[in-house]
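Student: Could you take me through one part of this model in detail, namely the surroundings of the ligand and the strands that lead away from there?

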Amino acid sequence: MIDFQLSDEQITLQNKARKFALEEVLPVSQRYDQTGEFPRDVIAKAHKAGLMNLGIPKKYGGPSFGSLDSVLVVEEFSAACAGMTTSIYVNDLGTTPIILGGSEAQKQQWLTPFMKELRFASFATSEPGMGSDVAGIQTSYERKGDNFILNGNKFWITNGNFADLFVIFARQKGTKRHQGLSAFIVPADTKGVSTGKPLKKLGHRASDTAAVILRNAEVPVENLLGSEGMGFLLAMMTFVKTRPAIGAMATGLARSAMEYAINYAKQRDAFGKKISSFQAIQDMAADMYARIEAIRLLTWKAAWMVDQKTDGNITNVASSCAKLVGAEDAMKIVTDALQIYGGKGYLEQYPIQKLFRDAKLYQIYEGTSQIQRYVISRYLFKEYEPIMKNF
Ligand SMILES: Cc1cc2nc3c(=O)[nH]c(=O)nc-3n(C[C@H](O)[C@H](O)[C@H](O)COP(=O)(O)OP(=O)(O)OC[C@H]3O[C@@H](n4cnc5c(N)ncnc54)[C@H](O)[C@@H]3O)c2cc1C
């Protein structure tokens, strides 16, 4: 049976997130976009409201929300500000490898504090020389006594300057490609760990992005996640769980772009009529709505599959579909929305240019659109069972 009805608890959660987004996030979103300041005060309120660290299990003090619950929250936040949403929900990206690969002792030690106070976790695969090609990580580690010694440079790390801990993906010295990769919990105050200046960005300016430098950083052996050689798998398993949230971010942003554009079209006159009376404008609005419905459904389906723990690569493919179509359609929707604003869409004083700049990132982080297509096409050419066999 297929049921698209949200539970009463999910509707309550969605309403709570919507109220928070409208009252606490939206009113300050332009300011943080313009100043590039880190929105710690807003994030602290989200933490206090129980709308952060959504995936941390109850056992460690967290809300233990499922993936479907989480995408409902994330859509509401990103409708108000994509940058703040990235700042808040990157904690789920950072803590997921611990939830998936950590021992009981590691989970108690590292997850519980996130629920007691406002803390930040960053996830670090990317480096100056690689992003898409996770197996190409160059940051290295070697064991010395009871420690692992990490050396290398991470780049693009969201909330890098504010992180209390990093999950660092590194390769055993002398190894090549996938098998040599391991993941480590690295507290930010570890000797030999430093961060670069905040990177100035096109969009998502309310999220911090920075380099993380590791120079003979000593990490106790107890901080290895899973076993040595599990790093690549852990990174990919994390993305399966977190990519639906990017679909949700894209949905929320696209929804706001559509609403702003419709509102503007109802007020703007051209050729003696409201521009909303022109078929070309109506078509764009209709396409926006249909695409938003489609990306929300893809996102919900992928999130539902994650919650069902559906076996095999098929959940991975569903997550990639949600992220790919979400990112591509959000970019198209916000481009059309800006078009409906005409020249005013190009001005800083209108909200649509911020959405346009913010949307671009969804096609890039957590695996570019090309990488999502690679995941999907690899499935199609290797695993997909055609229905039409005799041709
Ligand atoms: C604002 C921001 C925040 C980020 N946050 C984080 C974070 O918190 N943690 C983290 O680890 N990383 C983070 N990233 C890094 C992000 O994941 C990478 O930028 C992304 O994976 C792409 O890697 P790249 O920039 O090195 O591009 P490349 O991998 O060099 O790719 C360049 C181009 O080539 C294409 N390409 C590459 N390989 C293939 C292929 N096999 N087939 C077809 N096309 C291909 C890509 O799609 C892209 O168009 C962030 C990036 C940004 C911009």
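Tutor: What follows begins at the ligand and then turns to the strand pairing. The model is a predicted one, and the description should be read with that in mind. The shell around the ligand holds 23 residues, of which Ser126, Gly131, Ser132, Thr368 and Gln370 come nearest. Sorted by class, this shell has 11 nonpolar and 11 polar residues, together with 1 charged residue. Because domain 2 (121-229) and domain 3 (232-382) both give residues to the shell, the ligand lies between these two domains. Among the elements of secondary structure, strand 1 (121-124), strand 3 (147-158) and helix 10 (369-382) each supply at least two residues of the shell.

Strand 2 and strand 3 form a hairpin with 2 residues between them, and in the turn Gly145 has a positive phi of about 60 degrees. Strand 3 also pairs with strand 7 (residues 209-220), again in the antiparallel sense, here over 9 bridges; in this pairing, Ile149 has Glu218 of strand 7 as its bridge partner.

Methods. Residues numbered from 1 in each chain as written. Predicted model: local features only at pLDDT ≥ 70, side-chain atom pairs only at ≥ 80, totals over all residues. Near = placed C-beta within 6 Å. Helix = DSSP H or I, 4+ residues; strand = E, 2+ residues; numbered from the N terminus. Nonpolar A, V, L, I, M, F, W, Y, C, P; charged D, E, K, R; others polar. Domains from an automatic or database assignment. Pairing = 2+ DSSP bridges.
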